[in-house]
Amino acid sequence: MFQLETPRLVLSELTEKDAPLMLAVLNDPDFLRNVGDRGVRTEADARRYIVDGPMAMYRQYGFGMYKVELKDSKAIGLCGLVKRDGLDDVDIGFAFLPQYRSQGYALEAAQAVMHYGQAEIGLKRIVAIALPDNVPSVRLLEKIGLQPEKRITLPNSSEELLLMAWDAAFQENQQ
């Protein structure tokens, strides 16, 4: 079973048992505003969402969105790598429960996921999408090495998003 550890956190694969966490994250007002409504309203919906999303992605790609827990096993959010329709590259994403924001947990988890994607999976390019006015997310993405690249819209959406990217070849040319 996949697991990443940082000084304060443990990241692991989501299972159907994580439905309460998924339900809470997906219905957080900030998630709804910044990411979108996934239509998950019950724990049964959340279990289906986990099975059809992260668990299917683990099987297909060997990575996905992970549960983020404190070392005492308290689940606090999500962070991971996603292969998303409409993006050519693997996308890093994160979402934390409100009471665990602004404490460095998202940065710590995202740094670990970036390192895993680069060193273990061998990704040469990792992207992220964010609403241009979602300043906390954009700043965090910059801290983990992504740079603004362009504005895009995803399939079946009219919302303009900021595409940010980390590119190994670009990094090597800068050194």
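Leaving aside its neighbours within four places in sequence, which residues is Asp-30 in contact with?

Author: Happy to walk through it with you. Please keep in mind that this is a predicted model. Once the neighbours within four places in sequence are set aside, Asp-30 is in contact with Val-35 and Arg-101. Asp-30 itself belongs to helix α2, which runs over residues 29–34. Its relative accessible area is 27%, and because that value falls between the 20% and 50% cut-offs, Asp-30 counts as partly exposed. Another residue to look at is Phe-96: it sits 66 residues from Asp-30 along the chain, and the C-alpha atoms of the two are 9.7 Å apart.

Now let us zoom out. The UniProt annotation "domain: N-acetyltransferase", from an unreviewed entry, covers residues 9–169. That span is 38% helix and 28% strand, with its end C-alpha atoms 30 Å apart. In the protein there are six helices and eight strands, and in sequence order they give β-β-α-α-α-β-β-β-α-β-α-β-β-α. The radius of gyration is 15 Å, close to the 16 Å from the globule rule for 175 residues, so the protein is as compact as a globular protein of that length. Of the contacts between residues at least 6 apart in sequence, 58% join residues at least 24 apart. Buried residues account for 49% of the 175. As for charge, there are 20 positive and 25 negative side chains, and the centres of these two sets are 2 Å apart.

How values were computed
Residues are numbered from 1 along each chain as its sequence is written. This is a predicted model: local features need pLDDT of at least 70, side-chain atom pairs count only at pLDDT 80 or more; totals for chains, interfaces and linings use all residues. Side-chain values use heavy atoms; hydrogens and water are left out. Helices (H or I, at least four residues) and strands (E, at least two) are DSSP runs, numbered from the N terminus. Buried means under 20% relative accessible area, exposed over 50%, partly exposed in between (1.4 Å probe, protein chains only). Contact means heavy atoms within 4.5 Å. UniProt positions are given in the numbering used here, feature names are shortened, and annotations may be inferred rather than shown by experiment. The radius of gyration is taken over C-alpha atoms; the globule rule is 2.2 Å times the number of residues to the power 0.38. Lys and Arg count as positive and Asp and Glu as negative; His and the chain ends are not counted. The place of a charge is taken as NZ of Lys, CZ of Arg, CG of Asp or CD of Glu.
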